[in-house]
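Visitor: I would like to learn how to read helix packing and pockets in a model. Where do we start?

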Amino acid sequence: MTRLILYPNFTEIHTSRVIQKTLREELSFDLPLAHYTKAYNKGWDGRIRLLKEGKIPTGLVPRAIEILERIGVQFEIHDQTPTYTYSTTTLEAKLRTEYQTGAIEAAVSSKRGIIFAPPRAGKTVIGAGIIA
C-alpha cells in the first residue's frame with residue numbers, strides 16, 4: 001500500500017517504482033525557455049521534477065492524492081506535522097497601549113484596515129491581535 005508521510009515542509013511517498021514513476025511524470029513541468037540554458041545544451045530535457053528522492057513539497061499533497069485516486073491506488077496518510085498552540089492571555093498581556101487595542105477593535109469591526117505606525121510601535125502585536 002502507498003503511504004504518504006506528511007511533515008511541515010515535505011512529504012515522503014512510499015510506494016512501488018511504477019507508481020513513483022507515474023507521480024514523478026505527473027508532478028513535473030516543462031520550464032519555459034529551458035532550451036536557452038547551458039544545462040539544456042548539456043543534455044537536460046528542460047523539465048522540472050517536483051518528486052525527488054521519494055519526496056514532494058507538502059503543498060503538492062492534494063495534487064498527489066488526486067493522481068493516486070485517478071489511477072486507482074489505495075493509500076494511507078500519516079500526518080507527522082506538529083500541532084501548535086498559543087495562549088491568548090500572553091498576547092493580551094502585551095497589548096498595553098490604548099491605540100493598539102483601538103486599532104485591533106477598528107480592524108476587526110470593519111473587517112479591514114491598514115496598520116500604519118512608526119517603528120517599534122507594536123504593528124506585529126496589532127496584527128496578531130487582529131488574527132486572534
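Guide: We start with angles between helix axes. Angles under 35 degrees count as roughly parallel, over 145 as roughly antiparallel, 65 to 115 as roughly perpendicular, and the rest as oblique. Keep in mind that this model is predicted.

Visitor: At what angle do the axes of α5 and α6 cross?

Guide: Helix α5 spans residues 98-110 and helix α6 spans residues 123-131. Their axes cross at roughly 40° and come within 9 Å. α5 and α6 are therefore oblique to each other. Their crossing is right-handed.

Visitor: Which residues of α5 and α6 make the contact?

Guide: From α5 come Y99, Q100, A103, I104, A107 and V108. From α6 come V125, I126, G129 and I130. By class, this contact of α5 with α6 has eight nonpolar residues, two polar and no charged.

Visitor: Now take α1 and α3. How do their axes cross?

Guide: Apply the angle ranges again. Helix α1 covers residues 17-26, and helix α3 covers residues 61-70. The axes cross at roughly 130° and come within 11 Å. The crossing of α1 past α3 is right-handed.

Visitor: Which residues meet there, and what are their classes?

Guide: In α1, I19, L23 and E26 take part. They meet R63, A64, I67, L68 and R70 in α3. The contact of α1 with α3 has five nonpolar and three charged residues, with no polar ones.

Visitor: And pockets? How is empty space found?

Guide: A probe the size of a water molecule is rolled over the atoms, and this shows where empty space is left. Here, the largest pocket holds about 150 Å³ of space.

Visitor: Which helix gives the most to the lining of the largest pocket?

Guide: α1 does, with four residues. The residues lining the pocket are R17, Q20, K21, R24, R49, L51, K52, E53 and G54. By class, the lining has six charged, two polar and one nonpolar.

Terms used. Residues numbered from 1 in each chain as written. Predicted model: local features only at pLDDT ≥ 70, side-chain atom pairs only at ≥ 80, totals over all residues. Heavy atoms only, no water. Axes fitted to C-alpha atoms, helices over the stretch in contact; angles between N-to-C directions. Helix = DSSP H or I, 4+ residues; strand = E, 2+ residues; numbered from the N terminus. Left-handed = near helix turned anticlockwise from the far one by under 90°. Contact = heavy atoms within 4.5 Å. Nonpolar A, V, L, I, M, F, W, Y, C, P; charged D, E, K, R; others polar. 1 Å grid on protein atoms, 1.4 Å probe; cavity = no way out; pocket = protein on both sides within 12 Å on 5 of 7 lines; lining within 4 Å. Points joined across faces, edges and corners; volume = space filled by probe spheres on them.
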